[in-house]
Amino acid sequence: MRMLARICSAALLLLLPVSSPLAADGSKYARTLLEKMVQATRTLNYDGTFVYMREGRIMTLRILHGADVNGERARLISLSGDAREVMRDEHANVCVLSDNRNVIGNARARRPFNGALTMDVGRLASYYDFTLAGDDRIANRPAHKVTVTPKDQYRYGYRLGVDSVSGLLLKSDLINADGKLVEQILFTSLGISDAPPIALQEPCEVARAGWHSETHDERPHLPVDAGWAVTQLPAGFVLAEYERQIMPARPMPVEHIVFSDGLALVSVFIEKMADSDKFSGFTHRGAVNAYGTVVDDHQITVIGEVPRATVQMIGESIRHAAPEVQP
């Protein structure tokens, strides 16, 4: 479900308007496209179908997004595999599942272009190069290819396909340090409208037997444990979010710390350790790497769509100082 929620948030950012012809300075124009993304994620209305590919697995999904005087809304519907649905508005994330599995974590904190709503492309230029790389054709639309190349080993790169007429981002390839494709999001059909799609107003399918719904903001939030600190981060990564939650099926509260460079995202989960939950070392799935360690009888799990070196650096730098007891 974490993957589905991440896809939902990623898909919300797969649109960016372009109003100027291709500039002679490819790097400058590529940066302009990312700057335009900020406005598009808040204002465009669209209804599209896309495929998500990872490790030989393909999922087909429908994404609807609307923005009007009532705010921003989005709806993601799985068209293959298990029947699942994720909804989002400006106040909460509502996840609807075809079974009784719970949703763990915050869907808002999982997206390849996390931070796009406040993205500072000028700042990102310190850690990525942006270039134009020729032309393409995607979903029967002419497109320009844009590459986002990291300047160090702590983040991934992207190959983007941007509609040369409408400015829509039609394709996003996630590229590892070896230049290999790790994940891909590719639109097969996409329509833009002046008003939010009508289907956004339709009720969820929660009436179906066995369906379960959950609103993220309904989970209790607790005061964070200020004793935890991450003492080393790759250049450019800063604290984006810190919360403490009671999560479904977890016996103890979980500290959730999010770091971002404005494009890449890393989550740190900290919880009181149970013997059966111990996880040390590395694991990965597709572009997602995870590193586990134990600090002061707490399980530390660092996870993100970043290279292995990034989660290891962060995980090995986590320290805990118990708060002083006042007399």
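In the predicted model, His65 is buried, with a relative accessible area of 0%. This value lies under the 20% cut-off for a buried residue. The residue is part of strand β2, which covers residues 57-68. The side chain of His65 is joined to that of Glu72 by a polar contact of 2.8 Å.

The protein as a whole has 327 residues, and 51% of them count as buried. Its secondary structure consists of 4 helices and 20 strands. Among contacts between residues at least 6 apart in sequence, 55% join residues at least 24 apart. The accessible surface of the protein is about 15,000 Å², and carbon and sulfur atoms account for 51% of this area.

In soluble globular proteins, nonpolar side chains tend to be buried together. The largest nonpolar core of the model contains 37 residues. Within this core, the residues that touch the most other members are Tyr128, Phe130, Val148, Val268, Ile300 and Val302. Helix α2, formed by residues 26-43, gives the most to this core, with 4 residues.

When residues up to four places away in sequence are not counted, Ile300 touches Trp228, Val268, Phe269, Ile270, Tyr291, Gly292, Thr293, Val295 and Ile318. One of these contacts, Val268, is itself listed with Ile300 among the core residues that touch the most other members.

Key:
Residues are numbered from 1 along each chain as its sequence is written. This is a predicted model: local features need pLDDT of at least 70, side-chain atom pairs count only at pLDDT 80 or more; totals for chains, interfaces and linings use all residues. Side-chain values use heavy atoms; hydrogens and water are left out. A nonpolar core is a set of buried Ala, Val, Leu, Ile, Met, Phe, Trp, Tyr and Cys residues joined through side-chain atoms within 4.5 Å. Buried means under 20% relative accessible area, exposed over 50%, partly exposed in between (1.4 Å probe, protein chains only). Helices (H or I, at least four residues) and strands (E, at least two) are DSSP runs, numbered from the N terminus. Contact means heavy atoms within 4.5 Å. A polar contact is a pair of N or O atoms within 3.5 Å; within protein, one must be able to donate a hydrogen and the other to accept it, and residues adjacent in sequence count only if both atoms are side-chain atoms. Accessible areas come from the Shrake-Rupley method with a 1.4 Å probe; for residues, only the protein chains shown count as cover.
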